[in-house]
Amino acid sequence: MKINVWSYKEEYKILKKKILHEVDKVFSSGQLILGKNVESLEFNFSKYLNLKYGIGVNSGTDAIQIALMSAKIGKGDEVITTPNTAVPTVSAIVSCGAKPVFVDINEDDYLIDVNKIVKSITRKTKAIIPVNLYGQCADYDKILKIAKKYKLIIIEDCAQSTGSFYKEKPSGSLGHLSAFSFYPTKNLGAYGDGGFIGTSIKKFAYRAKELRKYGMRKSYYSIEHGINSRLDEVQAAIINIKLKKLKNWIIKRREIANTYNKLLQDTSLILPKENKNNFHSYYAYVVRHKKRNHIINMLKKNNIYCNISYPFPIHLMQGYSYLNYKKNDFPIAEKSSKQIFSLPMYPQLKKKEILKVVKVLKEIGI
Ligand SMILES: Cc1ncc(COP(=O)(O)O)c(C=O)c1O
């Protein structure tokens, strides 16, 4: 029995008929990109998020970049985020011309340490991108207070938090703009690339819509520099199908997390924590242990595959060395990058598979 950290194949078995039907309708329709499926997704998903506007784009990375551009953030500006995130959070900041500024994370939830944000704010700071990592929102009460005081734009990186809530508000509705990824592994994953920008601020929404299409308001005429980041109809049609399943699939993820929590509590693994005010969607079930590499190897020997999100903090990557950060600048992020790993987690994971993961972990003797 091979147990993957993630798989879409079981889901596809359930949805195959519906998906192929919708894909055929798209292929027969004569409209492959930015058509009525994208429009209905923009309507449905922004409604789900309790937002006025939604813009379908080509990826989560583009969603962040366009969100920044729509708020006129670019050259000479600084954007605060954390070094414990997916590279695209940072690459999107760089792509719009701004400079990423890192703030360390909390030891217990791996999210931005809000108490360290203020001392990183300069006259150039224009925005904060809190990353709602692993399925849990950052501390928005404090973040929004800081944003108000320093007049900063908040762009939520929701790539990993679709279906999460903070104080009963959907993740994605907490800041000024939000960026989602429909990358296949995500809570709401497409069968290819896709992304989404959410906002209730009209000027940002209208600009984002133009920016995803070369900055064009009318055809063949750019009113400003934009990019090509169109969402295609096939992906939008599939997401529309899957959006209806999202609520149940998050419940499944939470049940799996609860089972792991119960069965692993007597081990020396540090288990994930659901913060007060949060409804965790468990995009990833992230645990921590000093013997991480040994544990992962032992699991692998038993045909169980884990993931590490992320093994390298971004401030120490060669690609971002020009930012001049050094070792020990963000000790919590650096320490956790050596210890964290994610156990198999997706809604169709079977009970016997969860039990096998637990059994092997216990046999390792941790
Ligand atoms: C936290 C985070 N931000 C941004 C992204 C970028 O999304 P995409 O891969 O759709 O460009 C991802 C996904 O990889 C992510 O996990």
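**Ligand surroundings and helix packing**

Q: Which of the 17 residues around the ligand come nearest?
A: Gly-60, Thr-61, Asp-157, Gln-160 and Ser-181 come nearest among the 17. A residue counts as near here if one of its heavy atoms lies within 4 Å of the molecule.

Q: Before we go on, what kind of model is this?
A: This is a predicted model, where local features need pLDDT of at least 70 and side-chain atom pairs count only at pLDDT 80 or more, while totals for chains, interfaces and linings use all residues. Residues are numbered from 1 along each chain as its sequence is written, and side-chain values use heavy atoms, with hydrogens and water left out.

Q: Thanks. What is the distance from Gly-60 to an oxygen atom of the ligand?
A: A backbone N or O atom of Gly-60 sits 2.8 Å from a ligand oxygen. That is a polar contact (a pair of N or O atoms within 3.5 Å).

Q: And which part of Gln-160 lies 2.9 Å from a ligand oxygen, backbone or side chain?
A: For Gln-160, a polar side-chain atom lies at that 2.9 Å distance.

Q: Switching to helices: at what angle do helix 3 and helix 6 pack?
A: Helix 3 (residues 60-70) packs on helix 6 (residues 202-211) at about 125 degrees, and their axes are 9 Å apart. Helices (H or I, at least four residues) and strands (E, at least two) are DSSP runs, numbered from the N terminus. Axes are lines fitted to C-alpha atoms, for helices over the stretch in contact, with angles from 0 to 180 degrees between N-to-C directions.

Q: So what do we call the arrangement of helix 3 and helix 6?
A: Given that angle, helix 3 and helix 6 are therefore oblique to each other. Under 35 degrees counts as roughly parallel, over 145 as roughly antiparallel, 65 to 115 as roughly perpendicular, and the rest as oblique.

Q: Which residues make the contact between helix 3 and helix 6?
A: Helix 3 brings Ile-66, Met-69 and Ser-70, and helix 6 brings Phe-204, Arg-207, Ala-208 and Leu-211. Contact here is heavy atoms within 4.5 Å.

Q: What about helix 8 and helix 11, at what angle do they pack?
A: Helix 8 (residues 246-264) and helix 11 (residues 351-364) are at about 30 degrees, their axes 11 Å apart. Helix 8 and helix 11 are therefore roughly parallel.

Q: How does helix 9 pack with helix 11?
A: Helix 9 (residues 292-301) lies at about 125 degrees to helix 11, with axes 10 Å apart. The two are therefore oblique to each other. His-294, Ile-295, Met-298 and Leu-299 of helix 9 meet Val-357, Val-360, Leu-361 and Ile-364 of helix 11.

Q: On to the backbone: where is the cis peptide bond?
A: The cis bond joins Ser-309 and Tyr-310, with omega about 10 degrees. Tyr-310 belongs to the loop between helix 9 and helix 10 (331-337).

Q: And is the phi of Lys-151 positive or negative?
A: Positive, at about 55 degrees, although Lys-151 is not a glycine. Lys-151 sits in the loop between helix 5 (140-150) and strand 5 (153-157).

Definitions and conventions: Polar contact = N/O pair within 3.5 Å; in protein donor to acceptor, adjacent residues only side chain to side chain.
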